[in-house]
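Please look over the sequence and the predicted structure below before reading on.

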Amino acid sequence: MSAEEPRTATAVKESCGGQQQSGFDSSTGAYHSLTQLCENFRIPTRHDLDTAEYVLSQFPNPDHADSRVALIDSDTNQRVTYAQLHRSIRALASGLYHGVGVRKGDAIFLLSPNSVLYPTMCLAIFSIGAILSPANPAYTVSEIAKQVRDSGAKLVISTPEEQHKFAQIGVPILLTARSSDKDSLCVEELIEGCDPLELPKVKLTQSDTAAVLYSSGTTGTSKGVILTHANFIAVMTLLRWSIYEISAQDDIFLCFLPMFHIYGLAFFALGLFTVGVTTVLMKRYDFQAMLQAVEAHKVSNIPAVPPVILGLVKHASKIKCDLSSLRRIGSGAAALSKELTEEFRLKFPWVELRPGYGLTESCGATTFFVSNEDARAHPASCGMLEPTFSAKVIDIETGTALPPYKRGELWIKSPTIMKGYLGNEEATAATIDSDGWLKTGDLGYFDEDGFLYVVDRIKELIKHNGYQVAPAELEAVLLSHPKIADAAVIPVEDEESGEIPMAYVVRASGSEITEQQVIQFVANQVAPYKKVRRVDFIGAIPKSAAGKILRKQLVSDAHKQQTTSRL
């Protein structure tokens, strides 16, 4: 079967031995994946296999590695072949071990935007058994200090531009590039000066910790998610299978997702190298630069987040770049509404839009769409369970497992599920039960065909007069208005009803839409208890690097306004 031949969920089920039903087992209350990994895509069981060895073992053979391009820097057009990448990983691993003294189990704090060096640093760290702990370069000094302290980092790798943030932290620093500080050692020098053949023999197992990633903390305190080599190997096997089975092996991918986030790390710093594709790399997301990169490099595949989809829809009529090469866009990290999905497909009919669902705690995986046909038939869904996954939908009040179309908390189980939260047994026990089920905190349901629908975060549901109102539903309505560029909905305390929905709205360019017009627009489309009761206009909706709305920041702002108005 050619890479471009459409494959429906049914086709993959039949080719891999699956069955055609919802996947719900009434005797156990669990949903099981309706797709299976085929014989040549089994998760490796070899106990002494590590993430870096697995990735490198899938590189193109030496006859093609010199000519096959792995990475292209969109700013400089620098190209890195698979052969060059292989050598750099091994040379840096040798330098970290012999030159810097990094040992198995040492945590390394990495502060850098996307770069062609980023995958090399990650894979070199993994190959010597050290533990990667990446962070957002936008973090403040106090946020950095907290993660360095919590992760127990023995070494910091930082860009020269961010070096000043570590002045008072007291951990040795390795810079990513040469700087005016002549006494500082840098990654580039280690790669150039170390022998890749002197890679140390470190005994690693799949159960060893590979990385500690910190959850975004959008609804609470950020926690260190422990991911093992087994977690990464499992998720990369799923990614390889999905590319070979579903996508095109000659795709050109575009990366602007931050590699310090699980979505970008799993895809671009690790997984895609196991397929041998080419990735065009952007330092950070910029809408116009993204369009130009698609045109210049004939990009065909973009893993993205909802704000990117929204931007394309809102600016579709003004786009002047040639996007005809684009075949697929994925969406993850946050919910994608049915309304936005359908509007995107209307304006970009030649592009397949395939939403998915995953968490840092599940190494970025959980659900996906096997085909564009399935995605179009289920526009509000985020796909079906990936191979190896099981799920339950648990009634929030009674704790019972629910059948299709019943809403409850989504629980998942898979080889990709985290080991736990670093140094936080209480949070781990509250999140993973004794049978290994991860409680996601997301409200959702499955339909009769096994497709998952995520409604919202349970903690973010607005309790109004005993009813539950999902902010994501109201946001989808707001974003359908042509005079609204972006929106977020939060709960605000109310003496009579408990909480009321409040909307933060970003006006479209030239728009003068009023609060009353916004309230009436929503009221015309939802039940009375769901109506937005208050609107504030704002310049931009605060979001995490992964595109999630930072609701607790907006709640805090609203609370301050409410307190001030009472004085």
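The sections below take up the confidence of the model, its cores and cysteines, its helices, its sheets and one annotated span.

## Basis and confidence

This is a predicted model, in which local features need pLDDT of at least 70 and side-chain atom pairs count only at pLDDT 80 or more, while totals for chains, interfaces and linings use all residues. Residues are numbered from 1 along each chain as its sequence is written, and side-chain values use heavy atoms, with hydrogens and water left out.

The pLDDT, which is the predictor's confidence in each residue on a scale from 0 to 100, has a mean of 89 over the protein chain, and 93% of the residues reach 70 or more. Over residues 1-20, however, pLDDT stays under 50, and for this stretch the model has 39 contacts beyond four places in sequence, a contact being heavy atoms within 4.5 Å. Where pLDDT is low, the predicted coordinates should not be read in detail.

## Nonpolar cores

A nonpolar core is here a set of buried Ala, Val, Leu, Ile, Met, Phe, Trp, Tyr and Cys residues joined through side-chain atoms within 4.5 Å; buried means under 20% relative accessible area, exposed over 50%, and partly exposed in between, with a 1.4 Å probe and protein chains only. The largest such core has 158 residues, of which Leu96, Phe126, Phe232, Leu254, Leu312 and Ile329 touch the most other members. Helix α8 (residues 229-246) gives the largest share of this core, eight residues; helices (H or I, at least four residues) and strands (E, at least two) are DSSP runs, numbered from the N terminus.

Phe126, leaving aside neighbours within four places in sequence, is in contact with Asp50, Thr51, Ala52, Leu132, Leu204, Ala210, Ala211, His229, Phe232 and Leu270. A second, separate core has eleven residues, among them Ala488, Val492, Tyr504 and Ile541.

## Cysteines

With a disulfide taken as a pair of cysteine sulfur atoms within 2.5 Å, a search of the whole structure finds zero. For Cys194, the nearest cysteine sulfur is that of Cys186, 11 Å away, and Cys194 counts as buried because its relative accessibility is 18%. For Cys255, which is likewise in no disulfide, the nearest cysteine sulfur is that of Cys122, 11 Å away; at 0% relative accessibility, Cys255 counts as buried.

Helix α11 (residues 306-314) is mostly covered, with seven of its nine residues buried, namely Pro306, Val308, Ile309, Leu310, Gly311, Leu312 and Val313. Helix α15 (residues 471-479) is also mostly covered, with eight of its nine residues buried; these include Pro471, Ala472, Leu474 and Glu475.

## Sheets and strands

Two strands are said to pair if DSSP finds at least two bridges between them. An open sheet of six strands has the order β1-β2-β19-β20-β22-β23, with antiparallel pairing, and its edge strands, each pairing on one side only, are β1 (24-25) and β23 (452-457). Within it, strand β19 (residues 390-394) and strand β20 (residues 408-413) pair in the antiparallel sense over five bridges, and Ser390 stands opposite Lys413 in β20. The loop between β19 and β20 holds Leu402, which counts as buried because its relative accessible area is 10%. Although Leu402 and Gly29 are 373 residues apart along the chain, their C-alpha atoms are separated by 6.6 Å.

Another open sheet, of three strands, has the order β16-β17-β18 with antiparallel pairing, and strand β17 (residues 366-368) pairs with β18 over two bridges. By contrast, strand β14 (residues 328-331) and β15 run parallel and are joined by four bridges, with Arg354 in β15 as the bridge partner of Gly330.

## An annotated span

An unreviewed UniProt entry carries the annotation "domain: AMP-binding enzyme C-terminal" for residues 473-548; UniProt positions are given in the numbering used here, feature names are shortened, and annotations may be inferred rather than shown by experiment. In the model, the end C-alpha atoms of residues 473-548 lie 15 Å apart, and the span is 21% helix and 33% strand.
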